[in-house]
Amino acid sequence: MKKVILMLVGLVVAGQMATGAEARVVALATSGDVDGELVARVAEYVRTHAQVTLRPTDPVAAEAGEDLNVIGRRAAGALKEDELGVLVLGQFGEDQPQGICLPPERFGILNLSRHAAGEVEMDRLARRAGQDSLRVMALLVGMSPCPFPLCVLAGFEKTEDLDRMSGNYCPPCQDRFARLAREAGLELTPTAPADEAGAGELPAVE
Ligand SMILES: [Zn+2]
């Protein structure tokens, strides 16, 4: 009897060690003044559609007009050991790009000033930034743009194009993302049915 108990304890310890060694997260950093509600909405969007829980990290310093590449690299320079990459959210002005993602350097940086183009309301703003965040997540695990038009990874030209695009990965990209994310050590959190109902999806018609 004693032997069995010891074996069980050994298994539990080994299991915890394996999880601790492999589990990685994506960090979420803000830069400058960013609406806290918007940041929370973007994190929720990513959790709902990519099953990735972003972990808040220290804000990133940025000077006015500073190149997004430089700010992104600064954020990546502060990555912790268990962080696969970092998503940076900031309002960098409408004369800066909408976003930049450099997977080898492990950062994606989004310019919310561009997502806000057209003085949109919070729902639309959160969806646009959430869509671009899904694109960053996919790029960070090594995916490419998708040729399927009904996919959030499809190419687009203007910010407003996002409003007509899918808010989610197409099924093959969803599968690929889940596989690559797990291979990269990310822990995916399946969405509870109650959360899905509140995610803005149309309910099934019976
Ligand atoms: Zn796709």
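User: What kind of model is it?
Analyst: It is a predicted model.

User: How many helices and strands in the protein chain?
Analyst: Eight helices and five strands.

User: And in what order do the elements run?
Analyst: From the N terminus, the protein chain reads α-β-α-β-α-β-β-β-α-α-α-α-α.

User: What share of the protein chain is buried?
Analyst: Buried residues are 34% of the 206 in the protein chain.

User: What about contacts between residues at least 24 apart?
Analyst: Take the contacts in the protein chain between residues at least 6 apart in sequence. Of those, 64% join residues at least 24 apart.

User: Helix packing next. At what angle do α2 and α5 pack?
Analyst: About 50°, and the axes are 8 Å apart. Helix α2 covers residues 36-50 and helix α5 covers residues 122-140. Because angles from 65 to 115 degrees count as roughly perpendicular and those under 35 as roughly parallel, α2 is oblique to α5.

User: Right-handed or left-handed crossing?
Analyst: Right-handed, as α2 passes α5.

User: Which residues make the contact?
Analyst: From α2, they are L38, R41, V42, Y45, V46, H49 and A50. From α5, they are M122, L125, A126, A129, G130, S133, L134 and M137.

User: How does that contact split by class?
Analyst: The contact of α2 with α5 has 11 nonpolar, three polar and one charged residues.

User: Now the core. How many residues are in the largest nonpolar one?
Analyst: The largest nonpolar core has 45 residues. V46, V88 and M137 have the most contacts inside it.

User: Which elements give two or more residues to this core?
Analyst: On the strand side, β1 (25-31), β3 (83-90) and β5 (107-111). On the helix side, α2, α3 (68-77), α5 and α7 (171-183).

User: And where does the largest share come from?
Analyst: From α5, with eight residues.

User: Back to M137. What is it in contact with, leaving aside neighbours within four places in sequence?
Analyst: M137 is in contact with V26, V46, A50 and V52. V46 and A50 also belong to the α2 side of the helix contact.

User: Where is Q131, and why does it count as buried?
Analyst: Q131 is in helix α5. It counts as buried because it has 23 C-beta neighbours inside 10 Å.

User: Which residues does Q131 touch, beyond those within four places in sequence?
Analyst: Q131 is in contact with V152, L162, M165 and G167.

User: Are they buried or exposed?
Analyst: Q51 is partly exposed, because it has 18 C-beta neighbours inside 10 Å. R106 is buried, with 20 other C-beta atoms within 10 Å.

User: Last one, G155. Where is it, and is it buried or exposed?
Analyst: G155 lies in the loop between α5 and α6 (161-164). It is exposed, as 10 other C-beta atoms lie within 10 Å.

User: How far is G155 from P145?
Analyst: Their C-alpha atoms are separated by 6.6 Å, and the two are 10 residues apart along the chain.

Technical notes: Residues are numbered from 1 along each chain as its sequence is written. This is a predicted model: local features need pLDDT of at least 70, side-chain atom pairs count only at pLDDT 80 or more; totals for chains, interfaces and linings use all residues. Helices (H or I, at least four residues) and strands (E, at least two) are DSSP runs, numbered from the N terminus. A residue is buried if 20 or more other C-beta atoms lie within 10 Å of its own, exposed if 12 or fewer, and partly exposed in between; C-beta atoms are placed from the backbone. Two residues are in contact if their C-beta atoms, placed from the backbone, lie within 7 Å. Axes are lines fitted to C-alpha atoms, for helices over the stretch in contact, and angles run from 0 to 180 degrees between N-to-C directions. Angles under 35 degrees count as roughly parallel, over 145 as roughly antiparallel, 65 to 115 as roughly perpendicular and the rest as oblique. A crossing is left-handed if the near helix is turned anticlockwise from the far one by less than a right angle, and right-handed if clockwise. Ala, Val, Leu, Ile, Met, Phe, Trp, Tyr, Cys and Pro count as nonpolar, Asp, Glu, Lys and Arg as charged, and the others, Gly among them, as polar. A nonpolar core is a set of buried Ala, Val, Leu, Ile, Met, Phe, Trp, Tyr and Cys residues joined through C-beta atoms within 7 Å.
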